[in-house]
Amino acid sequence: MKPISHERDEIKKERDELETKVMKLEMEIKNIQQIEERKYQVEVMRLKTENEELKRADKKKSQQIEPKVPMTEAEATSAAAPALSSALARVRARRGTAQGAPK
């Protein structure tokens, strides 16, 4: 009977060793997955940052180069109205003094 008991103990020992080995390998796989996930997250953040920097640079570039939008005729007229009124008043004033001046 001792040989059977001894054999059973050997089998249990081998099973325990194999279970330990499986646990170690599962832990190693989990660690590798976590490392890969962190690498992925870092790469995503790097790409997001690069994308934001490119957007800012593009926005800055477009603001510097953006040509002035031409005014519509109505906008030009309303912007020039005060200057035209002032010039017209000066012309009328000169004509008035020229016509009403003693000869």
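I began with Glu43, which is partly exposed at a relative accessible area of 36%. By the cut-offs I used, buried is under 20% relative accessible area, exposed is over 50%, and partly exposed lies in between (1.4 Å probe, protein chains only). The model is a predicted one, in which local features need pLDDT of at least 70 and side-chain atom pairs count only at pLDDT 80 or more, while totals for chains, interfaces and linings use all residues. Residues are numbered from 1 along each chain as its sequence is written, and side-chain values use heavy atoms, with hydrogens and water left out.

**Glu43 and Arg46**

I looked up the partner of Glu43 and found a salt bridge to Arg46, at 2.7 Å from N to O. A salt bridge here is a side-chain nitrogen of Lys or Arg within 4 Å of a carboxyl oxygen of Asp or Glu. Glu43 and Arg46 are three residues apart in helix α1, so about one helical turn separates them. Arg46 is partly exposed too, with a relative accessible area of 41%.

**Arg15, Asp16 and Glu19**

Arg15 bridges to Asp16, with the closest N and O atoms 3.6 Å apart. Arg15 also meets Glu19 in a salt bridge, at 3.8 Å from N to O. Both Arg15 and Glu19 sit in helix α1 (residues 2-65), and their spacing of four residues is about one turn of the helix.

I checked the exposure of each member. Arg15 has a relative accessible area of 45% and is partly exposed. Asp16 counts as partly exposed at 38%. Glu19 is partly exposed at 43%.

**Whole structure**

I searched the whole structure for salt bridges and got six. The protein has two helices and zero strands. I took these from DSSP runs, numbered from the N terminus: helices are H or I with at least four residues, strands are E with at least two.

Buried residues make up 0% of the 103 residues. The accessible surface comes to about 10400 Å², and carbon and sulfur atoms hold 59% of that. I used areas from the Shrake-Rupley method with a 1.4 Å probe; for residues, only the protein chains shown count as cover.
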